[in-house]
Amino acid sequence: MRKRQGSSGRSPRQLRVGEELRHALVRILARGELRDPLLENAQVTVTEVRVSPDLRAATVFVTPFGGGDSAPLIKALNHAGGYFRGQIAHEVDLRMAPTIRFAADTSFEQSTRIETLLQDPRVAQDLAPEAEPKPGRRKGPSDDGA
């Protein structure tokens, strides 16, 4: 029997493990024990961790704190993926530590783009409430909101 999954398509266990991994990665990054020059003083925001159904792989979505180009940061984090997997094995109580892959979180850029589109005058006129019908006009069948 298959359990019902949430709207995101992920089971509660995947969500719970993903959140635990996110907290563990934040602690690992905060310790500053990374030897890579690109990661020594890097301030990273871990926004989400998506775990595969079998919990063997995890995609970690990150963004540089304060913005900026994330490509070199992602490359350096992926290069240190084995280190993160080893640290997670000590931090999180799982049967098997997942393989870690880092990816840029683009949700902030998408929300900024949507906000800009909503502020566009052409879009704003479509979002404005419809004007009241003129006093002499009868309400027709298409005006009833059905």
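Which residues form one aromatic cluster? In this predicted model, the cluster consists of Tyr83, Phe84 and Phe102.

## Aromatic residues

In the pair of Tyr83 and Phe84, the ring centres lie 5.8 Å apart and the ring planes stand at 70 degrees. Planes over 60 degrees apart count as edge-to-face, so the pair Tyr83 and Phe84 is described as edge-to-face.

The two residues of this pair may also be described by their accessibility. Phe84 has 0% relative accessibility and therefore counts as buried. Tyr83, with a relative accessibility of 29%, counts as partly exposed.

## Geometry of helices H1 and H4

Two packed helices are described by the angle between their axes and by the distance between the axes. Helix H1 covers residues 12–31, and helix H4 covers residues 81–91. Their axes come within 10 Å and cross at roughly 115 degrees. Because of this angle, H1 is roughly perpendicular to H4. The crossing of the two helices is right-handed.

## Contact between the helices

Tyr83 and Phe84 also take part in the contact of H4 with H1.

By residue type, the contact of H1 with H4 comprises 8 nonpolar residues, 1 polar residue and 3 charged residues.

Notes:
Residues numbered from 1 in each chain as written. Predicted model: local features only at pLDDT ≥ 70, side-chain atom pairs only at ≥ 80, totals over all residues. Heavy atoms only, no water. Axes fitted to C-alpha atoms, helices over the stretch in contact; angles between N-to-C directions. Helix = DSSP H or I, 4+ residues; strand = E, 2+ residues; numbered from the N terminus. Parallel < 35°, antiparallel > 145°, perpendicular 65-115°, else oblique. Left-handed = near helix turned anticlockwise from the far one by under 90°. Contact = heavy atoms within 4.5 Å. Nonpolar A, V, L, I, M, F, W, Y, C, P; charged D, E, K, R; others polar. Phe/Tyr/Trp six-rings, centres within 6.5 Å; stacked < 30°, edge-to-face > 60°. Buried < 20%, exposed > 50% of the residue type's maximum accessible area, 1.4 Å probe, protein only.
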